[in-house]
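Here are a few friendly notes to read alongside the structure. Please keep the view open as you go through the points.

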Amino acid sequence: MGKAKQPVSINGVEFDALIDSDEGYEAQVPEYPTEKGFSVSDNITLKPETLNMTLFVTDTPVTWKNRHGGGPGYTEGIVAQVKALYFAKQPVTVTTSETVYEDMAITNLNIKKSTEVGYAREIPIVLKKIIVTESATVTIPDSYGKSGATGASAGTANTTAASKGSNKQGGGSILYNAASGFGLL
C-alpha cells in the first residue's frame, strides 16, 4: 500500500490514521420454486454498500502533524465531533486516499480506550449507503387501450427509479423496465 495523499475524514473531521477498512457489497436474489423443484430468479436487488473502518486519533499525531497540530485535548475534541455526527442522524461524506463515499449513514460507532494506546483512541465505525430515489408519473397513451367497459382513459402510471446506489447493471422492476422499453419514461 502506497503512502496516503490525505487523511481519512468524515464530513471534514480528519483522523490521524486508518488502521483498517472493509467495503461490503450484498445482493438479494429472490427464488421461486417451480413444479419440478428448480429455482427461478427474476430480479437481483443490490443492497446498500457498507463501509467498516477503524480510525485512530492521538494528541501527538505523527502522520499529519503539520496539518492537525495536536496537543492536550485534541483527541477528545475529535471524539466529540464524531459523536456529534452520529447523533445528528444526517448523511455524511467519507473521504479516503482512494475514494469518496457520499450519502453514508453512521450505523455503529465505538470509542475504544485501552492501556495500549494511552490517551489516543481507536474508533471502529460502520457506515451504510443511503439509497436516494426519485418518483416519476407518466400518462399512458390511448394507443395502449382503454379501461373496462366504459372505455375511459387508462390514466397514469407511477414509477420509482433509484438514482444513487441503484442497480448499475440495468435492473429494476419489470413494470419500470417495460415502461422504459416502450419509451414512456
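1. One cut-off first: a residue is called buried under 20% relative accessible area, exposed over 50%, and partly exposed in between. Please also bear in mind that this is a predicted model.

2. With that in hand, take I44, which sits in the loop between β6 (39-40) and β7 (45-46). Its relative accessibility is 45%, so I44 counts as partly exposed.

3. Which residues have the most contacts inside the largest nonpolar core? They are I10, M53 and L127, in a core of 22 residues. Two or more residues each are given to this core by β8 (50-57), α2 (74-88), β9 (92-95), β10 (100-109) and β11 (121-129). The helix α2 provides the largest share, five residues.

4. Setting aside neighbours within four places in sequence, M53 is in contact with V8, I10, L18, D20, S21, V94, I123, P124, I125 and L127. Two of these partners, I10 and L127, are named with M53 among the residues with the most contacts inside the core.

5. Finally, have a look at T95 in strand β9. Is T95 buried or exposed? Its relative accessible area is 17%, so T95 is buried. Not counting residues up to four places away in sequence, T95 touches Q6, P7, V8, S9 and V100.

Definitions and conventions
Residues numbered from 1 in each chain as written. Predicted model: local features only at pLDDT ≥ 70, side-chain atom pairs only at ≥ 80, totals over all residues. Heavy atoms only, no water. Core = buried A, V, L, I, M, F, W, Y, C linked by side-chain atoms within 4.5 Å. Buried < 20%, exposed > 50% of the residue type's maximum accessible area, 1.4 Å probe, protein only. Helix = DSSP H or I, 4+ residues; strand = E, 2+ residues; numbered from the N terminus. Contact = heavy atoms within 4.5 Å.
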